[in-house]
Amino acid sequence: MIIFYVFAAVAVGASLLVIAQRNPIYSVLLLIASFGALSGLYVMLDAPFVAVIQIVIYAGAIMVLFLFVVMLLNAPHEETEADERRHILLRSGPLRFGAFLAVVLACELGWALTRGGESGVFAGGSTTSVAAIGRSLFTDYAFAFEVTSVLILVAMVGAVVLAHRERA
Amino acid sequence: MLLLIPLLPFLGFLLNASVGRRISKAAAGAVACAAMAGSFAVSLAAVWSLMALGPEARVITQPFFSWITSGDFNVAFTLRLDPLAAVMILVVSGIGALIHIYSTAYMHEESDSEFARYFSYLNLFAAFMLVLVLGSNFLVMFVGWEGVGLCSYLLIGFWYQKKSATDAGKKAFIVNRIGDVGFVLGVLLIFVHFGTLDFLEIAQSIAPLAPETAFGTISVITLLLFIGATGKSAQIPLFVWLPDAMEGPTPVSALIHAATMVTAGVYMIGRNALLFSHAPQTLTIVAIVGVATALMAGTIGLVQNDIKRVLAYSTVSQLGYMFLAMGVGAYGAGIFHLYTHAFFKALLFLGSGAVIHALSGEQDLRRMGGLKKDLPITYWTFLIGSLAIAGVPGLAGFFSKDEILFRTFAGGHTLLWTIGLLTSLLTAIYMFRLVFLAFYGERRHQSHLHDAPPAMAIALIVLAIGSVVAGYAGLSGRFERFLEPSFGLHAEEATAGAGLETTLMAASSIVAVAGIGLAVFLFLKRRAAADRLAEQFAGLHRVLEHKYYVDEIYDAALVQPIHIASREGLWKIVDVRMIDGAVNGVAEAVRGGSEILRRLQTGSVRAYAASLFLGVVMVLGYYLWR
Amino acid sequence: MPTLNHYLLLSAVLFAIGTAGVFVRRNVITILLSIEIMLNAVNLTFVAFGRAMGSADGQIIVFFVMTVAAAEAAVGLAIVIALFRHRESLNPDMFTQLKW
């Protein structure tokens with residue numbers, strides 16, 4: 001239980017800092033921390049496979065990609081405007097609206113998710129092994145699996161095309 | 001075989017309309033004349049075979065195809081030949097053929113394509129007219145009725161570069177159309193009342209009934225039909241188009257507006273003689289309108305200065321006689337006058353055409369004179385025609401006009417007879433005024449004169465012979481007896497006794513001679529007397545010259561109000577404001593709406609995202625609430 | 001023991017944080033990061049439910065989600081690079097040419 005709260009606190013805290021930071025590099029690194037905490041939570045949910053691929057793919061590949069881009073673009077700090085220092089909810093325009101919306105969303109989701117059915121104590125036992133996942137993946141969801149590979153191919157091509165620099 | 005009669009001219013039309021302008025004038029003219037001659041020959045053959053049948057059985061019916069079959073309404077395209085139709089087809093095709101021959105010379109100066117166009121229209125007209133008279137039911141007749149109206153418009157406005165010609169064509173067509181409204185309503189009522197449009201069937205269903213005593217359904221029907229006849233045959237109130245129609249080439253005036261198309265109204269009444277006999281109220285109206293028109297047109301013709309206008313008003317006047325005959329129940333006499341009138345009126349028009357041709361286009365009587373010596377053929381034939389129309393004994397006009405007057409008097413319509421006699425006097429006066437002004441006296445023009453070329457001369461001579469002898473066909477009532485079966489009536493033999501008949505004949509002859517004498521005095525011997533008379537009665541003279549201001553009255557009372565209502569009311573208000581306004585208004589509304597809506601596109605991504613999430617929150621909230 | 005509700009609540013909070021981030025930040029890269037946060041929150045939900053229902057489907061879905069997230073991140077960053085080359089700025093408010 002304690003572990004849960006620790007991981008949860010890390011995750012939430014890191015996420016909050018991600019959106020509060022001005023320096024994008026700090027944001028990326030903090031997000032990696034958040035992912036680490038989530039990975040721990042996955043382990044607690046008897047999903048070792050997911051936990052591992054979370055680290056490997058998310059933290060290891062995607063965040064590294066983000067870092068590449070941030071450093072490539074030499075992303076400047078965000079403009080510091082006067083109202084940057086004020087509290088999030090007091091800033092103007094879409095910011096205020098969006099922030100307010102987020103709070104509302106949180107309440108809604110929370111209410112939605114916890115309202116239904118039993119309190120949801122986990123049934124004991126029945127852990128699914130990696131082998132079982134693999135088997136399911138290649139039989140029941142084989143088609144989706146193949147489609148996903150096409151998706152990745154498309155994304156690759158798209159990324160190359162979009163970022164292509166025109167030779168003058 | 002009956003189909004050939006209208007078909008040959010129709011083929012002539014097709015040929016001339018399609019390739020006419022590429023073949024020589026001689027060829028185009030030959031095609032048209034051959035078509036008419038062929039039609040005449042077939043008509044002769046058809047009438048011959050008709051005569052072979054016994055007097056009571058003289059009907060040849062040839063159905064061709066079933067035209068409309070819809071529920072109870074069955075109309076077939078059937079042609080029927082009976083004595084009445086026989087007379088008509090011989091007149092149309094025979095005189096038509098002569099006029100076609102005449103036209104080859106008269107229209108010679110036109111270009112190739114115009115020449116071909118003229119003949120194609122003329123042939124088309126003949127085809128439609130023949131369909132009109134051969135039709136066995138109202139609908140086929142109406143096809144011809146409308147078709148001749150169309151051709152009349154085309155031919156009146158033949159020289160379409162002249163505005164006066166196109167105006168006249170439009171006027172003719174529109175006035176005809178107004179009459180046609182009445183005609184169509186009449187036909188509709190006939191179908192409602194009788195269930196059929198076939199002439200024989202209508203006659204059969206009405207024969208056993210007694211004539212109406214009050215103004216009932218049959219009277220309404222016949223009155224509506226008569227309205228159509230007033231439009232087509234230029235009677236009061238729809239005669240105004242005929243004088244203007246003189247804008248067309250003279251042979252057109254001769255054929256369409258003298259001999260054939262304008263007689264369609266008379267023919268129509270003759271065709272439905274039994275029907276009209278059952279509506280005495282309408283017949284009275286017909287007779288009164290006829291005789292009033294005759295008188296009115298006669299007075300106007302007295303003071304006109306254009307040679308063709310005089311003849312036009314003369315035609316209106318003679319048509320009035322025919323309607324008078326129909327109105328008093330003398331259907332045979334009316335058709336008889338139609339037949340003789342065709343001869344001498346066509347002759348007079350063609351003669352005037354020869355005069356105009358010789359004078360290179362001059363039509364004003366005041367600028368003519370002394371043509372007697374230079375245009376002998378034209379003069380002599382014209383004189384014969386004038387004597388015929390004046391009703392001089394021995395010539396065709398005398399027999400037919402006298403028959404009408406006799407029947408009128410014998411029927412007890414003394415007032416109508418008096419007016420008819422008065423109009424005879426006027427006829428003689430204005431016709432001989434025309435003769436004397438044109439052919440006698442000193443020459444008042446400078447052109448080099450040549451008499452009618454052979455093609456024209458032949459037509460003139462043949463028609464002159466006809467004007468003399470045609471009347472003898474009606475001796476001792478032969479003509480009318482021949483026509484009797486067509487009318488389905490048993491004409492009361494004129495039981496008024498031979499003595500009355502001779503007296504009346506003498507009266508008409510005296511009147512005719514008196515009229516000629518008056519004309520001799522006023523226009524030959526002492527022109528000054530005529531001019532003094534004109535000055536003395538200057539006001540009356542002016543009214544007559546302006547045709548009783550009928551055109552002006554129509555214009556002020558009908559045309560201008562309609563014009564103004566259309567322009568101010570229908571156009572400016574309904575079309576521009578309401579219809580355009582509605583359409584444009586819709587467009588404006590859409591535009592205004594989109595003006596407002598497009599402000600949603602702020603371009604700010606975050607605003608879009610905000611609205612996205614707002615939507616999510618709301619939808620989620622909604623589902624949670626339920 | 002943490003119940004299902006705990007996890008669900010946690011993921012709701014994370015999702016909300018990600019949403020807020022999309023609005024609040026004026027840097028497109030950080031916006032993309034916020035989107036990643038949201039995706040992670042969803043992953044957590046899936047795994048939690050999968051565990052609660054005792055099937056492997058939850059994890060399989062997460063597998064696919066991650067794949068898609070990777071593809072999307074790649075393409076998104078390519079777009080960011082293209083945009084940066086155009087305007088020399090990463091501020092989303094600078095790219096307003098699609099307005100009316």
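Two strands pair if DSSP finds at least two bridges between them. That idea opens this briefing on a predicted model. In chain B, β1(B) and β2(B) form a hairpin with two residues between them. Chain A, by contrast in topic, is described through its helices: it has six of them and zero strands. Chain A also touches chain B and chain C.

**The hairpin of chain B**
- Strand β1 covers residues 60-70 of chain B, and strand β2 covers residues 73-81 of chain B.
- Nine bridges join these two strands, which run antiparallel.
- Phe65(B) stands opposite Phe77(B), a residue of β2(B).
- In the turn, Gly71(B) has a positive phi of about 65°.
- Is β1(B) mostly buried or in the open? Of its eleven residues, the number buried is zero, so β1(B) lies largely in the open.

**Helix α2 of chain B**
- Helix α2 of chain B takes in residues 25-52, a run of 28 residues.
- The buried residues of α2(B) include Ala28(B), Val31(B), Ala32(B), Ala35(B) and Met36(B).
- Further along α2(B), Ser39(B), Phe40(B), Val42(B), Ser43(B) and Ala46(B) are also among the buried residues.
- An α-helix has 3.6 residues a turn, so residues three or four places apart point the same way.
- What covers the buried residues of α2(B)? The cover includes α1 (4-19), β2, α3 (83-106) and α4 (112-134) of chain B.

**Two helices side by side in chain B**
- Helix α10 (residues 250-259) and helix α14 (residues 307-327) of chain B have axes that come within 11 Å.
- The axes cross at roughly 10°. The two helices, α10(B) and α14(B), are therefore roughly parallel to each other.
- From α10(B), the contact uses Thr250(B), Ser253(B), His257(B) and Ala258(B).
- From α14(B), the contact uses Lys308(B), Ala312(B) and Thr315(B).
- By class, the residues of this contact are two nonpolar, four polar and one charged.

**Chain A on its own**
- From the N terminus on, the elements of chain A run α-α-α-α-α-α.
- Chain A has 168 residues, and 26% of them count as buried.
- Take the contacts in chain A with a separation of 6 or more: residues 24 or more positions apart account for 42% of them.

**Where chain A meets its neighbours**
- On the side of chain A that touches chain B, seven residues are nonpolar, one is polar and one is charged.
- The contact between chain C and chain A takes 59 residues from chain C and 70 residues from chain A.
- Which helix gives the most to the side of chain C that touches chain A? That helix is α3(C), with 20 residues.
- α1 (4-24), α2 (28-53) and α3 (57-87) of chain C each supply at least two residues of that side.
- The side of chain C that touches chain A has 43 nonpolar, twelve polar and four charged residues.

Conventions
Residues are numbered from 1 along each chain as its sequence is written. Chains are lettered from A and ligands numbered from 1 in the order in which they are written. This is a predicted model: local features need pLDDT of at least 70, side-chain atom pairs count only at pLDDT 80 or more; totals for chains, interfaces and linings use all residues. Two residues are in contact if their C-beta atoms, placed from the backbone, lie within 7 Å. Ala, Val, Leu, Ile, Met, Phe, Trp, Tyr, Cys and Pro count as nonpolar, Asp, Glu, Lys and Arg as charged, and the others, Gly among them, as polar. Helices (H or I, at least four residues) and strands (E, at least two) are DSSP runs, numbered from the N terminus. Axes are lines fitted to C-alpha atoms, for helices over the stretch in contact, and angles run from 0 to 180 degrees between N-to-C directions. Angles under 35 degrees count as roughly parallel, over 145 as roughly antiparallel, 65 to 115 as roughly perpendicular and the rest as oblique. A residue is buried if 20 or more other C-beta atoms lie within 10 Å of its own, exposed if 12 or fewer, and partly exposed in between; C-beta atoms are placed from the backbone. The expected span of a helix is 1.5 Å times one less than its number of residues.
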